[in-house]
Structures are given as structure tokens and as C-alpha cells.
Amino acid sequence: HSAENPLQIYRPSQSRPLPQRGSVLSLCIKHEPSVDPLSSIKDWSEKLVINGASIVENAKMEKFGAEMWMAEPEGNQFLILVPVL
């Protein structure tokens, strides 16, 4: 089992337009990789919602894995990521 830190900082690439205010720099919480990242991120986000988070933007699949914007109860946004195994 890896002792890798799952907490990262998200910064959009220079080739993409800046995202909406509040998500230019954000925490990115990485889950363990999955062969089905989209299903994994949906299951994970449901658990986060039960604990008070809300979905800001639905999950989307990228070549590196699935990502989803969420917000904690005070409205601060964060990104969750499930890499492709």
C-alpha cells in the first residue's frame, strides 16, 4: 500500500481558459486509481454528499481519469479525481 498523499492543488493548464471564479486554484483530492473511474467517482461523490458536500459540476471523464467539482458546506469548491488504473 502506497503512503502517497492524496491532497493536491489544482491549477488549470495554460492551454485552457481560466475556470469560473473560485476554482482557479483549488484543493484536488485524489482517490485510488480505478479501472472504472466514472463509476468510482460517482460512488465517492454520493458519500461526500451524505456528509454535507454538494455537486457543483457533474463528473466528466478525461484521458487521465474522472474528475468532479464539488463544494463543502460553506461553499468552498474542491476537485475530486479518480485516476485510470
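Lys60 is partly exposed, with a relative accessible area of 29%; by definition, partly exposed lies between buried (under 20% relative accessible area) and exposed (over 50%), using a 1.4 Å probe and protein chains only. In this predicted model, local features need pLDDT of at least 70 and side-chain atom pairs count only at pLDDT 80 or more, whereas totals for chains, interfaces and linings use all residues. Residues are numbered from 1 along each chain as its sequence is written, and side-chain values use heavy atoms, with hydrogens and water left out.

The structure holds 2 salt bridges, a salt bridge being a side-chain nitrogen of Lys or Arg within 4 Å of a carboxyl oxygen of Asp or Glu. In one of them, the side chain of Lys60 meets that of Glu62 at 3.7 Å, N to O. Lys60 also forms a salt bridge with Glu67, where the closest N and O atoms are 3.7 Å apart. Glu62 is partly exposed at a relative accessible area of 23%, while Glu67 counts as buried because its relative accessibility is 8%.

## Overall fold and confidence

The protein chain has 1 helix and 5 strands, arranged along the sequence in the pattern β-β-α-β-β-β. These elements are DSSP runs numbered from the N terminus: helices are H or I with at least four residues, and strands are E with at least two. Of the 85 residues in the protein chain, 29% are buried. The chain exposes about 5900 Å², of which carbon and sulfur atoms supply 54%; these areas come from the Shrake-Rupley method with a 1.4 Å probe, and for residues only the protein chains shown count as cover. Among contacts with a separation of 6 or more, 41% are between residues 24 or more positions apart, a contact meaning heavy atoms within 4.5 Å.

The average pLDDT of the protein chain is 83, and 72% of the residues score at least 70. This score is the predictor's confidence in each residue, from 0 to 100. Confidence is highest in α1, at 97, and lowest in strand β1 (residues 7–10), at a mean of 60.

β5 pairs with β4 in the antiparallel sense over 7 bridges, and 3 bridges join β5 to β2 in a parallel arrangement; strands are taken to pair if DSSP finds at least two bridges between them. Leu79 of β5 is the bridge partner of Trp69 and also of Cys28. The hairpin of β4 and β5 has 5 residues between the strands, and Gly75 takes a positive phi near 95 degrees there. Lys30 lies in strand β2 (residues 26–30) and is partly exposed, with a relative accessible area of 22%. The C-alpha atoms of Lys30 and Leu79 are separated by 8.5 Å, although the two residues are 49 residues apart along the chain.

## The nonpolar core

The largest nonpolar core has 9 residues: Ile41, Trp44, Ala53, Ala66, Met68, Met70, Phe78, Ile80 and Val82. At least two residues of this core come from each of α1 (37–50), β4 (65–71) and β5 (77–83). Such a core is a set of buried Ala, Val, Leu, Ile, Met, Phe, Trp, Tyr and Cys residues joined through side-chain atoms within 4.5 Å. In soluble globular proteins, nonpolar side chains tend to be buried together.

Apart from neighbours within four places in sequence, Val82 is in contact with His31, Glu32, Ser34, Pro37, Ser40, Ile41, Trp44, Phe64, Gly65 and Ala66.

## The segment after β5

Val84 is located in the segment after β5 and is partly exposed, with a relative accessible area of 39%. Leaving aside neighbours within four places in sequence, Val84 is in contact with Pro33, Ser34, Pro37, Met61, Lys63, Phe64 and Gly65. Val84 and Ser34 are 50 residues apart in sequence, and their C-alpha atoms are 5.4 Å apart in space.
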